[in-house]
Amino acid sequence: MAFERVLTRNVGNSDALTLRGYRKTGGYDALEKALRMEPDAIIEEVKKSGLRGRGGAGFPAGMKWSFIPQKDPNQARYLVCNADESEPGTFKDRLLMENDPHQLIEGCAICCYAVRAETCYIYIRGEYTKAAAVLERALKEAYEDGILGDGVMKSKFKLNMYVHRGAGAYICGEETGMLESLEGKRGQPRVKPPFPAVVGAFGSPTVINNVETLCNVPHIVSRGADWFKSIGTDERNTGPKLYAISGHVERPGTYEHPIGITFREMLDAAGGVWRGRNLKAFIPGGASAPILPASSIDIKMDFDTVAKAGSMLGSAAVIVMDETVCMVRSVARLAKFFNHESCGQCTPCREGTNWMELILKRLEHGEGRESDAALLKSVAGNVGGNSLCALGDAAVGPVKSLVERFPDEIDAHVRERRCPFPQYRYF
Amino acid sequence: MPKLTINDRTVEVPPGTNLIDAGIKVGVQIPHYCYHPRLSVVGQCRMCLVEISQGGKKMPKLQAGCSTPAGEGMEVRTDTPEVREAQKGMMEFFLINHPLDCPICDQAGECGLQDYSFKHGVAYSRFQYEDKRTYPGRERIPLGPNVILNMNRCIQCTRCVRFTHEIAKTGELGFFNRGARTEIGTFPGRELDNPLSTCVVDICPVGALTSTRFRFAERVFYLDKKPSICTGCDVGCNITVEHRRGDIKRYKPRFNPEVNDYWMCDYGRSTFERYKTVPRLRTCRVRDENGTNGSATATGWKEAIDAVHRLLRQRSAEGAVAFLGSGFLTNEEAWLAGRLADIVGTPHRSVPVDPGAGWTIPNLKGGLTGGELAPNRRGAEMLGLRPGLTELDETLGAPKKSNGKEAADTIDHDELLLGDGASRCAVLVVLDSDFGKAAYSPETVERLRRAKTLIVLGWADSPLAKAADVALPVATHTEKDGTFVNLEWRAQRFNAAFPAPAQVRSTVEVLADLLSRFDPAWGDLTAGKVFDRIAAEVPAFAGLQWRTLPATGASLHVPGSEAMMSDTAAQSVPEIS
Amino acid sequence: MSVSEPRPTPPAVAAPPLWPGWTPESRDQLADLRTRYPTAEAVLLPALHIAQRICGGWLPDEAIRAVAQELELPESKVYGVVTFYDLFHQNPVGRHRIRVCTNLSCQIRGAEEIMEVLHQELGVGEEEVTPDGRCSYVHFECLGSCDTAPMMMVDDDYHENLTPKRAREILKGLK
């Protein structure tokens, strides 16, 4: 593709792991430029760029930054970088952190300067030991070089940045769950309001942004919002985007495309469905996104189009499933995931995810009833929209799409009293 | 002050009030499990989902009433099909994994699940082909000496966890594991043994936490519940006496934000057990006057009162008459006893109390710490039993009969219980046979027995009562009316929860009867009448009225009564006329 | 060894490592961590990671108590945190801890067969330790390596693009 790689430009360039190597590619120029700008001007620029959160919800980043109260100069403010990438199918942030740690540090630093936060925590999931080590090394270099610490790049701006390792909990990717976890508690999401922008980490205003979102920031600062806006489908879907494609494709991996590429183009870039098989279904945005059938192959992969099609772009983690895949088993696996990862505090999610997993397992084991499809839909309806955080909504996405888009497969399971697809011992 | 409507009823509430509390103000009950007014808001149970519109625009999702502060112009609805559907859904979620063991569950009858499934649930189950989640081996875990956990019944509302962290501040309980396997419990090897531990049973909306003391004692729907005051210490926790036909099964805290808030201590809850374990004095007993060696014989009330009257009249010339009070006396009883002592003309009055361990009952002002194991030492002293009170009240028209002793030389409780005061007494009237531990010590009984005549009133047939020349059976505090004054000088009323046994009268009646023997003008009295006389005569009680005394009590006009006082109270004992 | 055969009684397992106490380096680490956060409680997750390393990969109750004391937190709170996160273990683990991603992307590319290989090769069930204390394995949720499915994590290392043969080789290489 004739598309310039922006976020992943240093992937494969092991030189960029060091500060000197990163500087050679123009690194930290954006931070230097930012430090000469008014903080509010940076927020305006990011707002103008139309950058939307790359973590899943797609909330405009500049807007988020502008919510941080600035009245009290003595108030502590925090940036928490969400590097708790746990959404099944998602592995783009790991790539960014392991290959270009300074890009993330630079993005975090610019964000901190813009919202006047003096402390940044990079909350990285505990399993990413390599990425954590890479980041730690990069942070050390940045401190030694005066990029972090008292007086960032010889300015009056003071910034401390730390890596905080999680310990294995998907729910800590939810922003308030992450804050709780950062504070040393169980990662149980908080009730909102108050929102983190007002009462966040340690009771102070806090911005929480995804790794990929923050990695976009240096490029917006150095090349301008208009350049950023020139990439993408429309005003609301701008910029380069990492698409992680996995499952039954020839060349799974992370691909950088302008936002709004069609799924067919993406699939072609990844070598198409493997072994020459036919596409059956795909998940466009990580495990939480409702599954789309093969007929949606020409969908534009941006936030709004995917939402209109009854799914979500989420983290743009695409899982491709070929014709041999049992949808019931796949959804049951996702239901098991959500049941395992539900924090257990709110009723619909705790009980509902468990119940859905039990029903789906029963179906897969050939003990389904005719009423199960309706039951699944009803239980999913009681979970979705009623839970404390978004995990409940996420958990019902795949289930609802199974009932609505693949009713024949459920019927086949019930009718034949077994799974019509090849069996495995493990579930 | 935001003004909003809830189901079309308009309500104005202080800023920050949540929708559940706002609803209560206008009689709209928003069902909830995890929300408790004194615990942090966690929004977990999702039972309180409501529909909110603002400016005619409906919010896309239902909102939790507990975590949504009332906002100006909000239109809240709890009766739309969406809300009903959500409530039904939540009830289903609560019940799918809840055991159907109501017939053997202590909570049945006061169970949040039962109540809400009746109101908001459905009568059938769609959870037919799956197995209920169980916690094998965690069906009857003693969390501590007072609380037993049945994890199968838990609905994970975490009220108990938050209680131990936020109210008791001891943090024994925690929320463990996650997802459908979340459970509550203590760290291995730790016990839930804080002095307030049983409160977690009260706030548990289901039968997961049950009280060791109350476990299997009675079906709650058979219990009669009457408001009362705890006699465990001088905090004066407001309680509900719960009994079946006079057999007390438990005390539960009764909400009073000024005193004990929603809480009470484990010791207080155990105090009713005295009424069952200590033998009861059931009839009047009078010993043959000719010899103290003779055994006391059961008599009727008339003979007994006659005997006391005669003894007080005759023997008071032979030596001192002393009144040994009790911190368990009500204000009314103490006042009448004081008047009786006035008539007899004796300064020898005192109120012994056992010092307490000092449990702190948390409330919004920080908490009250009891220091005495009796509820009313202050009231009893103030109203007539303080040592050295010699001034006779001329208005009572009692015959003046001074025994000529100096006030400083009064025979007080130290003298009686630890010294040899009793041997100087011609008559010693002990107003409560259960005034403290000393009533059960053979040594103390022997000391008190040195009085020529020993008259004992009381509900307990304690060794002291057994040693008495005249023993008069009177009601326990659950069988009579009265008021206590707590350590903050708050007068709190209680009423009989059930009648006293036959042959047992209230101390007020007995003292009124005695007073009438000296002066018929006294006539029949009830606690209420006595209280109103106290209110008329004692400035500290001015303006109070038995009938209108609020359920949460009233502060007395005493210096420092509004302030929190733990033991500085002694220094500011008010002078009464 | 076939799965259906009764397993030989494991040799007497050495007494579980009790809490040996904070090492000097860990004390320095903790002191440094405290400067990073405004509250002591926030040090809890890193402190538990450190304690788990000291205890050989799991957290006996004694270690949990030690962390609670160190940070002046109620034990119940620390215990709640330990039981919440997947990476903290309350039971002894093997010298090598194997985590197999079995989430959707890996499942549809054969993670279940990898699990089967582990079961056969190690002869113990999930979360059990081989009699020689060498390995323990669990199935795990997504480890963020979906493009190289199926994969497993052995201690801190990712082993990607697995086949049953490759998995067997990796197991053999573990000492």
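This is a predicted model: local features need pLDDT of at least 70, side-chain atom pairs count only at pLDDT 80 or more; totals for chains, interfaces and linings use all residues.
Biologist: Then why is B:Ile184 called buried?

Modeller: B:Ile184 has 27 other C-beta atoms within 10 Å, and the cut-off asks for 20 or more, so B:Ile184 is buried. This residue lies in strand β10 of chain B, which runs over residues 183-186.

Biologist: Which residues is B:Ile184 in contact with, once its neighbours within four places in sequence are left aside?

Modeller: B:Ile184 is in contact with B:Cys154, B:Cys160, B:Val161, B:Leu173 and B:Phe175. As for B:Cys157, which stands 27 residues away along the chain, its C-alpha atom and that of B:Ile184 are separated by 9.6 Å.

Biologist: Staying with chain B, what makes β12 and β14 the edges of their sheet?

Modeller: The sheet is an open one of three strands in the order β12-β13-β14, with antiparallel pairing. Both β12 (224-229) and β14 (247-253) of chain B have a single partner strand, so one side of each is left without a neighbour in the sheet, and they stand at the edges. From one strand to the next, the twist averages 30°.

Biologist: How do you know that β13 and β14 of chain B pair?

Modeller: Pairing requires at least two bridges between the strands, and β13 (residues 238-244) of chain B is joined to β14(B) over six bridges, in the antiparallel sense. Within this part of the sheet, B:His243 stands opposite B:Ile248 in β14(B).

Biologist: Let us turn to chain C. How many helices and strands are there in it?

Modeller: Chain C has seven helices and four strands, and along the sequence they follow the pattern α-α-α-α-β-α-α-β-β-β-α. Of the 175 residues in chain C, 45% are buried, and the C-alpha trace spans about 50 × 40 × 25 Å along its principal axes.

Biologist: Which residues meet where α2(C) and α3(C) pack?

Modeller: From α2(C) come C:Leu44, C:Ala47, C:Leu48 and C:Ala51, and these meet C:Ala63, C:Ala66, C:Val67, C:Glu70 and C:Leu71 in α3(C). Sorted by class, this contact has eight nonpolar residues, no polar ones and one charged.

Biologist: Finally, how many residues of chain A are in contact with chain B, and which element of chain A gives the most to that side?

Modeller: On that side, 27 residues of chain A are in contact with 28 residues of chain B. Helix α14(A) gives the most, with nine residues, and the residues of chain A that touch chain B divide into eight nonpolar, twelve polar and seven charged. Where chain A touches chain C, the contact takes 45 residues from chain A and 37 residues from chain C. There α13(A) gives the most to the side of chain A, with six residues.

Definitions and conventions:
Residues are numbered from 1 along each chain as its sequence is written. Chains are lettered from A and ligands numbered from 1 in the order in which they are written. Two residues are in contact if their C-beta atoms, placed from the backbone, lie within 7 Å. Helices (H or I, at least four residues) and strands (E, at least two) are DSSP runs, numbered from the N terminus. Ala, Val, Leu, Ile, Met, Phe, Trp, Tyr, Cys and Pro count as nonpolar, Asp, Glu, Lys and Arg as charged, and the others, Gly among them, as polar. A residue is buried if 20 or more other C-beta atoms lie within 10 Å of its own, exposed if 12 or fewer, and partly exposed in between; C-beta atoms are placed from the backbone. Axes are lines fitted to C-alpha atoms, for helices over the stretch in contact, and angles run from 0 to 180 degrees between N-to-C directions.
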